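Thank you all for making time this morning. I would like to walk you through one model, and I will ask you to keep the sequence and the structure in view while I talk.

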Amino acid sequence: MRLLNVFLVRGPRVTIANFERLFLCFSSQLEHLQSKYIGTGHADTTKWEWMQNQHRDTVASILGHFDMLNHVAIAENENKARLKFNLIEKMLQPTGPPSQKKEDT
């Protein structure tokens, strides 16, 4: 606890200028990650897109880990080759078609 108090008293000073600089740095790094990796999302990501990314990541993880594939195959009482085929097919549209948005006229 004493070290924490010493750090708070004598630690680096956070001024508005430093905070703005850190925020801009963080924002640019986040934009870079969002442009590089699809699954990280962005400000305009819909709930459907986010769910689709989550399902695809889960299926890819199951397919990539041999023990997880065995576990799911035993739980579903399914052949591993058939399970792989079904999971790969499921990756096309894991959450179904997108919902229709109501357009204002």
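Which residues make up the largest nonpolar core? Before I answer, please bear in mind that what you see is a predicted model. The core consists of seven residues in all, namely Val59, Ile62, Leu69, Val72, Ala73, Leu83 and Leu87. Helices α3, α4, which covers 66–76, and α5, which covers 80–90, each supply at least two residues of this core, and it is α4 that gives the most, with three residues.

Let me take isoleucine 62 as our way in. This residue is found in helix α3, which runs over residues 47–64, and isoleucine 62 counts as buried because its relative accessible area is 13%, where the cut-off for buried is under 20%. If we leave aside the neighbours within four places in sequence, isoleucine 62 is in contact with Met68, Leu69, Val72 and Leu87. To give one spacing, isoleucine 62 and valine 72 are ten residues apart in sequence, and their C-alpha atoms lie 8.2 Å apart in space.

Not counting residues up to four places away in sequence, leucine 69 touches Ile62, Leu63, Leu83, Lys84 and Leu87.

Turning now to helix α3 as a whole, it has 18 residues and reaches 26 Å from its first C-alpha to its last, which is close to the 26 Å expected at 1.5 Å a residue. Its buried residues are Gln52, Asn53, Val59 and Ile62, and the buried residues of α3 pack against α4 and α5.

Once its neighbours within four places in sequence are set aside, asparagine 53 is in contact with Ile38 and Gly39.

Finally, I would like to go to the surface. Phe19, Phe23 and Leu24 form a nonpolar patch there, and together they have about 360 Å² of accessible area. Leucine 24 is found in helix α2, residues 16–36, and this leucine counts as exposed because its relative accessibility is 58%, with exposed meaning over 50%.

Key: Residues are numbered from 1 along each chain as its sequence is written. This is a predicted model: local features need pLDDT of at least 70, side-chain atom pairs count only at pLDDT 80 or more; totals for chains, interfaces and linings use all residues. Side-chain values use heavy atoms; hydrogens and water are left out. Helices (H or I, at least four residues) and strands (E, at least two) are DSSP runs, numbered from the N terminus. Buried means under 20% relative accessible area, exposed over 50%, partly exposed in between (1.4 Å probe, protein chains only). Contact means heavy atoms within 4.5 Å. A nonpolar core is a set of buried Ala, Val, Leu, Ile, Met, Phe, Trp, Tyr and Cys residues joined through side-chain atoms within 4.5 Å. The expected span of a helix is 1.5 Å times one less than its number of residues. Patches are made of residues with over 30% relative accessible area and no salt bridge: like charges are joined within 9 Å, nonpolar side chains (Val, Leu, Ile, Met, Phe, Trp, Tyr) within 5 Å. Accessible areas come from the Shrake-Rupley method with a 1.4 Å probe; for residues, only the protein chains shown count as cover. A salt bridge is a side-chain nitrogen of Lys or Arg within 4 Å of a carboxyl oxygen of Asp or Glu.
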